[in-house]
Amino acid sequence: MNTLYSRKFLIFLLFVFVALNIFADEDKTIDPLWKKAMEIHQRAIVIDSHVDTPLAFSRGVNIGVRDDSVEVDLVKMKEGGVDAAFFAVFISNDDDDKHPSKDALQIIDRIYKQVEKNSDKAEMAFSVADIERIEKSGKRAILIGMENGSPVEDSLELLRIYYRLGVRYVTLTHNYHNSISDSSTAFHGKWYGLSPFGVDMVKEMNRLGMMIDVSHISDRAFYEVLKYSTSPVIATHSCCRAICDVNRNMSDEMIKELAKHGGVIQINFYSGFLSPEFKAKSDENYEEVIPSVKEIRSKYRDDKDAYWDHMVKIWKESSPESPEIDILMNHIDHVVKLVGVDHVGLGSDFDGAGNFPKGLQDISGYPVITYNLLKRGYSEEDILKILGGNLLRVFRENEKQRTE
Ligand SMILES: [Zn+2]
């Protein structure tokens, strides 16, 4: 290979890249609304309450460098002005996981290792105070949320251990029922809400100051959580059923109750939960790829990481064209009109979903949301709440409820 030629070519590419960026920046500075949006975005504490990036850690991804095989890395987070993100410890419950706690502990270890390896760019955060301090230092704050409570294995002792390891929310279940709660996407109720252990777990989470995530759980389970929880709860990655009628989105009545209890719904960026048109087309395409899904399932029966890697690839490949960013903004508007600006935030589902609105292909796209909020007439105060302030309020309320 002619190395001189390839070096020249690389320099040329670098020149093109720099030139394009200068023009792109110029574009943004010409538009006064962009300038204002960037200023507000810089001032805000921007928090993403749900990313599935740890799914990629087992295949050697290093979040300290730009890696286009993931939607979230520390470089793109910085570009997108995202100060903090909850990394999901996701344990699927669509099969009988024999070692959910072992699997969860391995993922928690991988998150710590990623942050330790990149300590110049990121720091683990366990509290509101940590997020505020790390944001000031210019680093990214990485938090842990557990998606699906199966690793708790019906043990409040294990729940407390996860809290001590830094888990600050638990999504009670995922696509299927578990021993804690019914799921919004499984047929025939198992518990018709929460299980007796689920009720105990809600109370213990309140006592610990650990947030309860109501995304994915059934409607009945949601109302039961509100009945027993003395702290406000979060939906870390859910959208509005009134706009996109998907079971795992929240109905207007649920959003009203969530708000009445001081909680927050963090809007999911996945196109299939935002746009009914996208969802219909995507369902159609999915029918065509079902044979390959079955093939992957049997091929990677013993390798969950490889299975999820391939599933995300399939979702991406069979995805229809991304919708416009307006559809995401419509969900935010809907919540605001329904219950006010204090109960909505952002939880992307990056690295776990596959298709996102135009301009939001990865976490570096976050300023587009701030720009569009301004365009829709939101004040700076409102924007700061949506970008992270509301979640911080709920997190703080949970911390206050903690008793020894
Ligand atoms: Zn999820």
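Leaving aside neighbours within four places in sequence, which residues is G80 in contact with? Here is a friendly walk through the structure, with that answer in point 2.

1. A word on the model comes before the details. This is a predicted model, in which local features need pLDDT of at least 70 and side-chain atom pairs count only at pLDDT 80 or more, while totals for chains, interfaces and linings use all residues. Residues are numbered from 1 along each chain as its sequence is written.

2. G80 sits in the loop between helix 3 (74-79) and strand 2 (84-90); helices (H or I, at least four residues) and strands (E, at least two) are DSSP runs, numbered from the N terminus. Beyond its neighbours within four places in sequence, G80 is in contact with I363, S364, G365, Y366 and P367. Two residues are in contact if their C-beta atoms, placed from the backbone, lie within 7 Å. G80 and D362 are 282 residues apart along the chain, yet their C-alpha atoms are separated by 8.8 Å. G80 counts as buried because it has 21 C-beta neighbours inside 10 Å. The cut-offs are these: 20 or more other C-beta atoms within 10 Å of a residue's own make it buried, 12 or fewer make it exposed, and anything in between is partly exposed, with C-beta atoms placed from the backbone.

3. The largest nonpolar core has 107 residues. Such a core is a set of buried Ala, Val, Leu, Ile, Met, Phe, Trp, Tyr and Cys residues joined through C-beta atoms within 7 Å. A85, F87, V89, I142, I212 and I265 have the most contacts inside it. Not counting residues up to four places away in sequence, I142 touches A85, F87, I111, V115, A122, M124 and A125.

4. Two residues in the loop between strand 4 (140-147) and helix 6 (156-165) deserve a look, N148 and D154. Most residues other than glycine have a negative phi. N148, not a glycine, has a positive phi of about 95°, and D154 has one near 55°. N148 is buried because 29 C-beta neighbours lie inside 10 Å, whereas D154 is partly exposed, with 17 other C-beta atoms within 10 Å.

5. G263 is found in the loop between helix 9 and strand 8. Is G263 buried or exposed? G263 is buried, because 27 other C-beta atoms lie within 10 Å. Not counting residues up to four places away in sequence, G263 touches P232, V233, I234, L258, H343 and V394.

6. Next comes a helix pair. The axes of helix 11 (residues 276-299) and helix 12 (residues 304-317) come within 10 Å and cross at roughly 170°. The axes are lines fitted to C-alpha atoms, for helices over the stretch in contact, and angles run from 0 to 180 degrees between N-to-C directions. The two helices are therefore roughly antiparallel to each other, a label for angles over 145 degrees. V289, S292, V293, I296 and R297 in helix 11 meet Y307, H310, M311 and I314 in helix 12.

7. Helix 13 (residues 326-339) has 14 residues and reaches 20 Å from its first C-alpha to its last, close to the expected 20 Å; the expected span is 1.5 Å times one less than the number of residues. Its buried residues are I327, L328, M329, H331, I332, V335 and V339. Among the elements that these residues pack against are helix 9 (252-260), strand 8 (264-267) and helix 15 (380-400). Just after helix 13, G340 takes a positive phi of about 95°.

Key:
Parallel < 35°, antiparallel > 145°, perpendicular 65-115°, else oblique.
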